[in-house]
Amino acid sequence: MTTFVDRVVLHMQAGDGGHGCVSIHREKFKPFGGPDGGNGGHGGSVSLVVDPQVTTLLDFHFRPHLKAENGKGGAGSNRDGANGRDLVIKVPNGTVVQSLDGEVLADLVGVGTTFEAARGGRGGRGNASLANARRKAPGFAELGEPGDRLDVVLELKSVADVGLVGFPSAGKSSLISVISAAKPKIADYPFTTLVPNLGVVRVDNHTFTVADVPGLIPGAASGKGLGLEFLRHVERCAVLVHVIDTATLEPGRDPLADIDAIESELSQYGGLADRPRLVALNKVDVPDGKDLADIVRPDLEARGLRVFDVSAATREGLRELTYAMAELVDQGRRAAPPAEPTRIVIRPKAVDDAGFTIEAEPDGSYTVRGSRPERWVKQTNFDNDEAVGYLADRLARLGVEEKLAKAGAQAGDLVRIGDREFDWQPTLYAGVDFVPGNRGTDVRLEEKSNRPSASDRLAARKARRVRPEDEVEAAPAAEADAE
């Protein structure tokens, strides 16, 4: 028997970006032809797309771990790595994507609707792309950025125009089998239907979908029976039809009590009070059922409900019922606001937005938060001193050093960027102070460097601008002699 799954937890992992390449072009009589390391390829992304051929989340129940392809690394001779292939996951229409804490990330309704759940990492640049006028032959390359890793919850809410609600064995499956081409399982015992069934109904020029919702009994909204699992499938229905068994032999059951019980569960679930209702008094082909339908019809009509005597066995009253369904569905479609095209939203950055923030922690450390510095740290090979110096260049140009000083950071304080921790050295500026050295090294990172620090150079410049005291005292006497 086919298993129906309408809620799964997926563990998604986008592809990592490929590493850049460090390479120097060499040929005969030209041993140093310049850097020619290629860039790494971008990692593949994980996307969800609505496919009309998919009706359940069963495949993800057995395979919850999904991973896109990683990008390939760059190579010499300016050869870039290949991009990783994107992973496209086909989901049923009406799938809701949520985070583990219940935040709705996307509501996928409509064939072809796509949502990029996990973005692939960027590929690292090779040393050919990192070369500039001052650093003509970089001895390092960027690492590939890791792809997004996240866990999401997929929840299926059937997209149907009409929802059939009622007690077990009220005849919902039989009714949907005769008004549409659906072939649900039908038997004479309660809870025969364990999954929602969808059927397409055509009435003249109108076409709409009908779903029967199984397992609704008193207490369903609080988890009793199967109702809590399938009440979500009623949310998208524009019309609700109460299917009432008029030939039941259970004690304490009558049409009015059945409707009150189901309405109580719908009210507790919430959000369904504005949906128009119809009542289908089923099994009127049974003599006792016909008599009971005649008795309760005035009471139901007094509540403002449209009542139809139907029989799935003899097809009595089905034409009138389907026309009433089509009429209400058509009214709902006309009353719905027209679909608007997706608007392109432009969100420019604020003028004073530096792209990062600095937070002082209680333990005396500082945390730098921002997409750019965190990405740069992930792409840095910390086994290469020149790459670390290049990272210092970028952070200094972004203004991280200056803001750390304004925040009160002192030399030796712990600074966190992403998952890395540093002992901050405010003299480690790059920019115009960069002095090329051997590839893969940076003289600013040498522990026993004789190179003066930035503060020493600043003090020396100030000292050169100050005139000696003897010159200052001699200046007035020289002016007097001149007069």
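In this predicted model, strand E2 (residues 46–50) runs parallel to strand E4 (residues 87–91), and five bridges join the two. Within this pairing, Val-49 has Lys-90 of E4 as its bridge partner. E2 also pairs with strand E7 (residues 114–118), here in the antiparallel sense and over four bridges, with Leu-48 standing opposite Phe-115. Five of the five residues of E2 are buried. The cover extends to both faces of the strand: Val-46, Leu-48 and Val-50 are buried on one side, and Ser-47 and Val-49 are buried on the other.

A further set of five strands makes up an open sheet of mixed pairing, in the order E3-E1-E8-E5-E6. Strand E3 (65–67) and strand E6 (104–108) stand at its edges; each has a single partner strand, so one side of each lacks a neighbour in the sheet. On average, and with direction ignored, neighbouring strands of this sheet are turned by 25° against each other. Inside the order, strand E5 (residues 95–99) and strand E8 (residues 149–156) run antiparallel and are joined by five bridges, and Gln-98 finds its bridge partner in Val-153 of E8.

With strand E10 (residues 197–203), E11 pairs in the antiparallel sense over seven bridges, among them the one between Val-203 and His-206. The two strands form a hairpin with two residues between them, and Asp-204 in the turn has a positive phi of about 55°. Strand E9 (residues 162–165) pairs with E11 as well, in the parallel sense and over three bridges; here Leu-164 stands opposite Asp-212.

Salt bridges come next, 23 of them by count. Asp-16 and Arg-149 form one, with their closest N and O atoms 3.2 Å apart. This pair links distant parts of the chain, 133 residues apart: Asp-16 sits in the loop between strand E1 (7–13) and E2, and Arg-149 in strand E8. Both partners count as partly exposed, Asp-16 at 22% relative accessibility and Arg-149 at 44%.

Another salt bridge brings together the side chains of Arg-277 and Glu-263 (3.0 Å, N to O). Arg-277 belongs to strand E13 (residues 277–282) and Glu-263 to helix H5 (residues 255–269), so the pair ties together parts 14 residues apart in sequence. Arg-277 is buried, its relative accessible area being 14%, whereas Glu-263, at 25%, is partly exposed.

In the salt bridge between Arg-297 and Asp-309, the closest N and O atoms are 2.1 Å apart. Arg-297 is in helix H6 (residues 287–302) and Asp-309 in strand E14 (residues 306–309), 12 residues apart, and both residues are buried. Through shared partners, salt bridges join Lys-290, Asp-294, Arg-297 and Asp-309 into one network.

Arg-394, in helix H9 (residues 385–398), has a relative accessible area of 13% and is therefore buried. Beyond neighbours within four places in sequence, Arg-394 is in contact with Arg-125, Glu-142, Trp-376 and Gln-379.

As for confidence, the mean pLDDT of the protein chain is 81, and 82% of its residues reach 70 or more. Among the elements of the chain, E3 has the highest mean pLDDT (94) and helix H4 (residues 227–230) the lowest (52). The pLDDT is below 50 over residues 189–193, a stretch with 14 contacts in the model beyond near neighbours in sequence. Residues 219–228 also have pLDDT below 50, with 22 such contacts.

Notes. Residues are numbered from 1 along each chain as its sequence is written. This is a predicted model: local features need pLDDT of at least 70, side-chain atom pairs count only at pLDDT 80 or more; totals for chains, interfaces and linings use all residues. Side-chain values use heavy atoms; hydrogens and water are left out. Buried means under 20% relative accessible area, exposed over 50%, partly exposed in between (1.4 Å probe, protein chains only). Two strands pair if DSSP finds at least two bridges between them. Contact means heavy atoms within 4.5 Å. Axes are lines fitted to C-alpha atoms, for helices over the stretch in contact, and angles run from 0 to 180 degrees between N-to-C directions. pLDDT is the predictor's confidence in each residue, from 0 to 100. A salt bridge is a side-chain nitrogen of Lys or Arg within 4 Å of a carboxyl oxygen of Asp or Glu.
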